[in-house]
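These are my notebook entries on one protein chain, written down in the order in which I looked things up.

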Amino acid sequence: MPMEEQFEAALEFFDDNRETFLIVQGLVVNIFAALVIFIVGLVVSGWVKRRILRLGARTRHFDPTLANFLANVARYAVLALALIFVLSRFGIETTSLAALIGAAGLAIGLALQGTLSHLASGVMLVAFRPIQIGQFVEAAGQSGTVSNISLFTTELTTVDNVQLILPNGEVWGNVIKNYSAHPTRRCDLVVGVSYDADLKRAETILWELIRADARVLAEPEPFCKVTNLGDSSVDFTLRLWCSADDLWGLKFDMTRAIKDAFDANGIGIPFPTRTLVVEKGQAVGAD
């Protein structure tokens, strides 16, 4: 076939399928534009999240928990906006999209009631802030340091460095015990001495140890009294206020110091014993 005839046949084929070519061209352009919009949305959403986190870190009164929560919300909002632009490139009207989202939202809401309750609980946790990042808490039967509060879950790190992920609904719906909410804590100790010990001397030693430790606060006033006559010991109760950061160090050091001081002064710390009394040829046990 001569070159002129081939060229004319090609033009005729193009003319006959012009609409098909235009549709394919438009589809390719829309796919490319959608990819560009999606990539830009990912980049912008990440940038917005980082900016909010940096703002929270630079602002003294901006709570890190709130900053992290708002950063995640802003990121998802930007991604949702990018998705709307992508759909609009394919000719889907926003009004139809809104109706579709409403119907889908109703169906999804009925199917994911528990998940949405976790979302609502996450909003309540951020709004009322019963716990914050960095605080040591007990929630939903678990204890640890709060490392993150997201839309659906709360992350704790235990004292032995294990990650716990708790649903926000479980955290908000149960009692929360926050050990870091106040700057001071009370250290409680119960010390038993034998019944033949000099109680006045024992109390004097305890007060000397209390006053010698700089971590014990003067206010509220320390407490040291005999509070119980046990089965085998006379019990002193110590209630010492200290900084929250000093609680465990004070408790451990004071326990050791009391043992050493009592040993040095001959004050015995009893342990449970059993006495056997023989009456009329029978052994009767008494704790």
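Entry 1, a charged pair. I looked up Asp188 and found that it counts as partly exposed, at 36% relative accessibility. I keep in mind throughout that this is a predicted model. The side chain of Asp188 meets that of Arg186 in a salt bridge, with 2.9 Å from N to O, and Arg186 is itself partly exposed, with a relative accessible area of 38%.

How many salt bridges does the count come to? I noted 5 salt bridges. One of them joins the side chains of Asp213 and Arg215 at 3.0 Å, N to O; here Asp213 counts as buried at 14% relative accessibility, whereas Arg215 is partly exposed at 24%. I also noted that Asp213 and Arg215 belong with Asp253 to a network of salt bridges.

I then turned to Asp260 and Arg256, whose side chains meet in a salt bridge at 3.2 Å, N to O. How many residues apart are they in helix α8? They are 4 residues apart in that helix, which means that about one helical turn separates them. Asp260 counts as partly exposed at 40% relative accessibility, while Arg256, at 57%, counts as exposed.

Entry 3, the sheet. I followed the strands next, and found an open sheet of 3 strands in the order β6-β8-β7, with antiparallel pairing. The edge strands are β6, residues 184-193, and β7, residues 223-229, each of which pairs on one side only. From one strand to the next the twist averages 25 degrees. For background, I wrote down that strands of a sheet pair through backbone hydrogen bonds, either parallel or antiparallel.

Between β6 and β8 (residues 234-243), which run antiparallel, I noted 10 bridges.

Which strands does helix α7 lie across? Helix α7, residues 199-212, lies across β6, β7 and β8, and runs at about 10 degrees to β8. Helix α8, residues 247-264, also packs on the sheet, where it touches β6 and β8, and its direction makes about 25 degrees with that of β6.

How many disulfides does the structure hold? I found 0 disulfides. For Cys187, the nearest cysteine sulfur is that of Cys242, which is 6.0 Å away, and a disulfide would need the two sulfur atoms within 2.5 Å. Cys187 is buried, with a relative accessible area of 1%, and Cys224 also counts as buried, at 1% relative accessibility.

Which peptide bond is cis, with omega near -5 degrees? I found that it is the one from Glu219 to Pro220, and that Pro220 has its place in the loop between α7 and β7.

Arg129 is not a glycine, although it has a positive phi of about 50 degrees. I located Arg129 in the loop between α5 (113-128) and β1 (136-139), where it is partly exposed with a relative accessible area of 36%. Asn161, likewise not a glycine, has a positive phi of about 65 degrees. I found Asn161 in the loop between β3 (153-157) and β4 (163-167), and at 65% relative accessibility it counts as exposed.

Technical notes
Residues numbered from 1 in each chain as written. Predicted model: local features only at pLDDT ≥ 70, side-chain atom pairs only at ≥ 80, totals over all residues. Heavy atoms only, no water. Pairing = 2+ DSSP bridges. Helix = DSSP H or I, 4+ residues; strand = E, 2+ residues; numbered from the N terminus. Axes fitted to C-alpha atoms, helices over the stretch in contact; angles between N-to-C directions. Contact = heavy atoms within 4.5 Å. Buried < 20%, exposed > 50% of the residue type's maximum accessible area, 1.4 Å probe, protein only. Salt bridge = Lys/Arg side-chain N within 4 Å of Asp/Glu carboxyl O.
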